[in-house]
Protein chains: 2
Amino acid sequence: LWAWGAWAGFKVWGWDEDAAARQRALGQGLPVAAGLADLAAQVPAPRRLLLSLPAGEATAAVLRALQPALQAGDLIIDAANARYQDSQDHAAQLAERGVAFVDAGVSGGVFGAQAGYCIMAGGGAPAFAKARPLLHACAAPGGLLHVGGAGEGHRVKTVHNGIEYGLMQAYAEGFELLQRSGGGALDLAAIARLWGQGAVVRSWLLELAGAELAQDPGLDRYEGRVGENSTGRWAAELAQAHGVAVPALQAALEARARSRQAPSFGSKLLSGLRARFGGHSEAA
Amino acid sequence: LWAWGAWAGFKVWGWDEDAAARQRALGQGLPVAAGLADLAAQVPAPRRLLLSLPAGEATAAVLRALQPALQAGDLIIDAANARYQDSQDHAAQLAERGVAFVDAGVSGGVFGAQAGYCIMAGGGAPAFAKARPLLHACAAPGGLLHVGGAGEGHRVKTVHNGIEYGLMQAYAEGFELLQRSGGGALDLAAIARLWGQGAVVRSWLLELAGAELAQDPGLDRYEGRVGENSTGRWAAELAQAHGVAVPALQAALEARARSRQAPSFGSKLLSGLRARFGGHSEAA
């Protein structure tokens, strides 16, 4: 559930298939429908429906359940990660009923809820125009762009996540190298903080790494078995389909697979970063 | 030549083996010696000598040439990149003559001259205490740290550069993937700018990539044959010596080697980044 009753000038209804989540929402004053069909009946047309669901069948099933209640003029925004081809299909299917569809790749992790998200939106110009006010309200200043037609938002987000995998792997290797080659004598949190002041490697992920290392220098909170959502693999598939070599991404994917067999200090840092930006829990 | 006559409260003399560089310095009012021996004779003791020379024999040769004129109480700072083992050797050799040595890993590229550098300093506590005022004057706010004993500054800088190789490769792959899979239709500069606003992949290197793509969307200015200084290979050697897997770094090194045979859009972006932060020229 993304939203809270009346929010940023929007009147918001929520729904989640999990009854406990619906109860929490009700407790926070968010009107909650009993089911998807009720939700569509309850919300006056034209509606803007924002989905944030696991990619693939979970999203497709909700779209199928919603379709009978949808009317021409409605808008659906898929704000989760998705294969961009699925989003192209959804846009085409909904267009037949006069329903607009925007695929919104959303980055910023759990920090985005406060600071505003970075949103890569795909869809036709009329669909984007309908979605724009709501997406603008969710975005960081300057953090909304209509990147292209249907599917392009999710394609750009897939590539974003592929880059993210490589960046995280580069930091994981570096901090493990400092830790192992220095016999544990270096103050890694202090070095991460130092690098934040003018070094070429400075970044938001480095800030998160520094916060993690300051809180738990040995990263003992993590088992170091690193999971993944599917976006890294989708990026690798996209690269293969277009003949683009992505060795750093491949290295990152393989390192995560290997971490499930043999965790390391570096893979613990990957877990720490995933916990910080994504709320993914990989505790020991 | 790093310095300009009287600077930040320091009186500065310069020397460069290139006569044209010495002439330029004289033209800017910087006292310049005729040779290294003259320089040492000209500067009153105790002296702080800051070297920024190619690693290996070039640095060692200047240290040998300086030694006869050095006195106990003098300080030498090696502010270039160097193998950390060489810096440990230099520290030990100079200590026999009572000369302090600090190995200062310096990041920030050509921007550092204005914004201040990020400096990772290695050496004994008395040596660092002598070097501190000068290094502090060169550093960005918060950008100076005494990371450990002799050699540790250059070791940490080596790992920093290893991370930098991986980060650059991740961005190069991602932007090439956007360019190739999108048939050139995406506005890559706008996407780089967007990602700077709240996305997980935001960083200083991404800002540079965005500036490069805004100025030259096809990156046609570059041949895409990407060079390297030695620091990436030193980082890989360090990893091998300590049994640390660094697949993203290896991927970056191999991609640069491959770029010299078969340039790509991604390798042109690497050249663009190297030009922006390091002043390295790899124009077409």
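1. Polar contacts across the interface. In this predicted model, 14 residue pairs are in polar contact between chain B and chain A, both residues at pLDDT 80 or more. A polar contact here is a pair of N or O atoms within 3.5 Å; within protein, one must be able to donate a hydrogen and the other to accept it, and residues adjacent in sequence count only if both atoms are side-chain atoms. Salt bridges between chain B and chain A number zero. That term requires a side-chain nitrogen of Lys or Arg within 4 Å of a carboxyl oxygen of Asp or Glu.

2. Which elements of chain B touch chain A? Those giving two or more residues are β6 (117-122), β7 (139-148), α7 (152-181), α8 (188-195), α9 (204-215), α10 (231-242) and α11 (247-259) of chain B. The largest share, 19 residues, comes from α7(B). Helices (H or I, at least four residues) and strands (E, at least two) are DSSP runs, numbered from the N terminus.

3. Make-up of that side. The side of chain B that touches chain A has 38 nonpolar, 16 polar and eight charged residues. Ala, Val, Leu, Ile, Met, Phe, Trp, Tyr, Cys and Pro count as nonpolar, Asp, Glu, Lys and Arg as charged, and the others, Gly among them, as polar.

4. Extent. In contact are 62 residues of chain B and 62 residues of chain A, with contact meaning heavy atoms within 4.5 Å. The two chains bury about 5200 Å² between them, 73% of it on carbon and sulfur atoms. In chain B, L177(B), L194(B) and V200(B) lose the most area to chain A, together 14% of what that side buries. Buried area is the accessible area (1.4 Å probe) that two parts lose on being put together, summed over both.

5. Symmetry. A 180 degrees rotation, with 0.0 Å of shift along its axis, brings chain B onto chain A at RMSD 0.0 Å. This is the relation of a two-fold axis. S203(B) comes closest to the axis among residues of chain B, its C-alpha at 2.0 Å. The copies meet through the same surface, because 100% of the interface residues of chain B are also interface residues in chain A.

6. Backbone points to check. The A45(A) to P46(A) peptide bond is cis, omega near -5 degrees. P46(A) sits in the loop between α2 (36-42) and β3 (48-51) of chain A. In chain B, A45(B) and P46(B) are also joined by a cis peptide bond, with omega about -10 degrees. L219(A), a residue other than glycine, has a positive phi near 55 degrees. L219(A) lies in the loop between α9 and α10 (231-242) of chain A.

7. Conventions. Residues are numbered from 1 along each chain as its sequence is written, and chains are lettered from A in the order in which they are written. Local features need pLDDT of at least 70, side-chain atom pairs count only at pLDDT 80 or more, and totals for chains, interfaces and linings use all residues, while side-chain values use heavy atoms, with hydrogens and water left out.

Terms used
Least-squares fit on C-alpha atoms with pLDDT ≥ 70 in both.
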